[in-house]
Amino acid sequence: MIGKIIRDLKEAAELLEEDPVRTKGVMAEDSEDLNETNDFRYRQYRLNYYAVKTLLARAYLWVGDKANALLVSKELIVENDEKKVFPWITKADVLNAEIPDLLFSTEVIFGLYNTSRVSVFNQYFKETTTINNALVFKGERLNDISCKLPYYFSDDDDLRRGSNFWSEETLEQMTNSGSASQPSICFKKYADIPGTTKPFRYMIPMIRMSEIYLMAAECTDDLTESIGYINEIRNNRNCVDLNLQPGDTKESIQQYITNEFIREVIGEGQLYFYYKRLGMEEILSGTEFSEDRWLESINLQNYVWPLPKTETDQRVNVN
């Protein structure tokens, strides 16, 4: 099956060789020509050439073909360095008080356009929701010694850790005896920006440029090169460089990659597939964070989704 997927993606990349994204960029605005449709514009919201190539690199990684995954990743890095189709987000854009770009949208190779994103945020993340339904760090304050954020983001100045992304709020908790309130750290990555015409207002990222760097870091056998790819991301997140330590191995480098991947895709639904691909039996805990406990065990069988009952009910027993 995966062989057919790789075949199809290679053919798709060939058919997209002339994708306008490679010469005109993402074209994230309507054409000035009133006679031109938007069918070939807004390339970040279409499975463009770069998105297909990244999916190809992902597929190679899933079957353990690191040589080809590295080849594709390097091709994409080189071309993007030259053409700047997906430039690194600027610190100014992230920290913009009026229109903060918390999605780092310039780096998104492919995303979904969902006008209901506001409703989803309001239901699960907004500080006015009840704590019973909220996906937040419950009962925590930003400056508490037990705060979970440092376990995700070790650098104080990491752009992904800033107050634009997280806020300390007091949420109501509904109980059988009434309601109570407690502090919580709320996630604001998908907070709405009313009135903006920026195309990232309704964006849900699916593929990022930073993932390509992390795939290259994972696939190369040169540890110095691997650290270089990781630091390219960290440099653009306002973090200090990692230094290759005398005792570093492929395993320790993989942990650096894991840490960075967690920070990059938080709230985007990608981490599960990363854990599954690597068959990780210990994953970052969502509840227990302390000096001696911040991982929790997971049974490998839990990575296998059960077949829908509507499907299994229709199976014919041929025995």
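Author: Asp313 has a relative accessible area of 46%, so it counts as partly exposed; buried means under 20% relative accessible area, exposed over 50%, and partly exposed in between, with a 1.4 Å probe and protein chains only. This is a predicted model, in which local features need pLDDT of at least 70 and side-chain atom pairs count only at pLDDT 80 or more, while totals for chains, interfaces and linings use all residues. Residues are numbered from 1 along each chain as its sequence is written, and side-chain values use heavy atoms, with hydrogens and water left out.

Reader: With which residue does Asp313 form a salt bridge?

Author: A salt bridge is a side-chain nitrogen of Lys or Arg within 4 Å of a carboxyl oxygen of Asp or Glu. Here the partner of Asp313 is Lys309, and the closest N and O atoms are 2.9 Å apart. Lys309 is exposed, because its relative accessibility is 61%. Elsewhere, salt bridges with shared partners join Glu107, Asp155, Asp158, Arg160, Arg234, Arg237, Glu260, Arg263 and Glu264 into one network.

Reader: How many salt bridges does the structure hold?

Author: The structure holds 25 salt bridges. One of them is between Glu211 and Arg58, with the closest N and O atoms 2.7 Å apart. This pair links distant parts of the chain, as Glu211 is in helix α8 (residues 209–219) and Arg58 in helix α3, 153 residues apart. Helices (H or I, at least four residues) and strands (E, at least two) are DSSP runs, numbered from the N terminus.

Reader: Are Glu211 and Arg58 buried or exposed?

Author: Both Glu211 and Arg58 are buried.

Reader: At what angle do α3 and α8 pack?

Author: Two packed helices are described by the angle between their axes and the distance between the axes. Axes are lines fitted to C-alpha atoms, for helices over the stretch in contact, and angles run from 0 to 180 degrees between N-to-C directions. For α3 and α8 the angle is about 30°, and the axes are 11 Å apart. The two helices α3 and α8 are therefore roughly parallel to each other; angles under 35 degrees count as roughly parallel, over 145 as roughly antiparallel, 65 to 115 as roughly perpendicular and the rest as oblique.

Reader: Which residues make the contact between α3 and α8?

Author: Contact means heavy atoms within 4.5 Å. From α3 come Thr54, Ala57, Arg58 and Leu61, and from α8 come Glu211, Ile212, Met215, Glu218 and Cys219.

Reader: Which residues touch the most other members of the largest nonpolar core?

Author: A nonpolar core is a set of buried Ala, Val, Leu, Ile, Met, Phe, Trp, Tyr and Cys residues joined through side-chain atoms within 4.5 Å. The largest has 73 residues, and those touching the most other members are Tyr50, Ile109, Trp166 and Tyr275. Helix α3 (residues 49–62) gives the most to this core, with nine residues.

Reader: What does Glu79 touch?

Author: Not counting residues up to four places away in sequence, Glu79 touches Arg22, Tyr49, Tyr50 and Lys84. Glu79 is found in helix α4 (residues 66–83), and counts as buried because its relative accessibility is 12%.

Reader: Where does Ser285 lie?

Author: Ser285 lies in the loop between β6 (282–284) and β7 (295–297). Ser285 is buried, because its relative accessible area is 0%.
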